[in-house]
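User: I have a structure here that is new to me. Could you take me through it?

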Amino acid sequence: MSADPLSRLRALIKRYTVISFIPDIDNYRRLTGQRNGSCIFRGCTEPVVWEDARGSNLLCEGHYQTMKWWIEEARIGLVAGDQSALFRFEQESSHEQ
């Protein structure tokens, strides 16, 4: 996978979901009732509890948390300096050796 945080995020999304774009996770909303449909993660059979602002691209609770984490990690990876996820990874790797 590429070292670029956005490229890594896109690759994860393309590999594990049925969409090919980065969802606007900040505008997802929790469903208030039952909803037909399935989670955008391939093979997921958990009940959906999150939807995007358009009412599509449904997520179960676990995959909503996963997507939030992936997106947050990509955002952190774009931050310069020691707050970057890429910098933290390099520091952790050097301490393990």
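Analyst: The answers below go from the overall layout to single residues. This is a predicted model, in which local features need pLDDT of at least 70 and side-chain atom pairs count only at pLDDT 80 or more, while totals for chains, interfaces and linings use all residues. Residues are numbered from 1 along each chain as its sequence is written, and side-chain values use heavy atoms, with hydrogens and water left out.

User: How many helices and strands are there?

Analyst: The protein has three helices and three strands, and along the sequence they follow the pattern α-β-β-β-α-α. Helices (H or I, at least four residues) and strands (E, at least two) are DSSP runs, numbered from the N terminus.

User: What is the mean pLDDT of the protein?

Analyst: The mean is 83, and 77% of the residues reach 70 or more. pLDDT is the predictor's confidence in each residue, from 0 to 100.

User: Which elements have the lowest and the highest mean pLDDT?

Analyst: Helix α3 (residues 85-96) has the lowest, at 44, and strand β3 (residues 59-60) the highest, at 98. Over residues 85-97 pLDDT stays under 50, and the model has 13 contacts beyond four places in sequence for them. A contact means heavy atoms within 4.5 Å.

User: What about the inside? How many residues does the largest nonpolar core have?

Analyst: That core has 20 residues, and among those with the most contacts inside it are Ile25, Tyr28, Phe41 and Met67. Helix α1 (5-16), β2, β3 and α2 each supply at least two of its residues, and the largest share, five residues, comes from α2. A nonpolar core is a set of buried Ala, Val, Leu, Ile, Met, Phe, Trp, Tyr and Cys residues joined through side-chain atoms within 4.5 Å. Buried means under 20% relative accessible area, exposed over 50%, and partly exposed in between (1.4 Å probe, protein chains only).

User: Which residues does Phe41 touch?

Analyst: Leaving out residues up to four places away in sequence, Phe41 touches Tyr16, Thr17, Leu59, His63, Thr66, Met67 and Trp70. Met67 and Trp70 are also among the buried residues of α2.

User: Back to α2. What span should that helix have?

Analyst: Helix α2 covers residues 61-77, and its 17 residues should span 24 Å at 1.5 Å a residue. Its end C-alpha atoms are 24 Å apart, which agrees. The expected span is 1.5 Å times one less than the number of residues.

User: New topic: how many disulfides are there?

Analyst: The count is zero, where a disulfide is a pair of cysteine sulfur atoms within 2.5 Å. The cysteine sulfur closest to that of Cys44 is in Cys60, 3.7 Å away, which is too far for a bond.

User: Are those two buried or exposed?

Analyst: Cys44 counts as buried because its relative accessibility is 14%. Cys60 is also buried, at 4%.

User: And Glu51, where does it lie?

Analyst: Glu51 lies in strand β2 (residues 48-51), and it counts as buried at 10% relative accessibility. Its side chain has a polar contact of 2.8 Å with that of Arg29 and one of 2.5 Å with that of Arg35. A polar contact is a pair of N or O atoms within 3.5 Å; within protein, one must be able to donate a hydrogen and the other to accept it, and residues adjacent in sequence count only if both atoms are side-chain atoms.

User: Last one: is Arg15 buried or exposed?

Analyst: Arg15, found in helix α1, counts as exposed because its relative accessibility is 56%. Arg15 and Arg42 are 27 residues apart in sequence and 8.7 Å apart in space, C-alpha to C-alpha.
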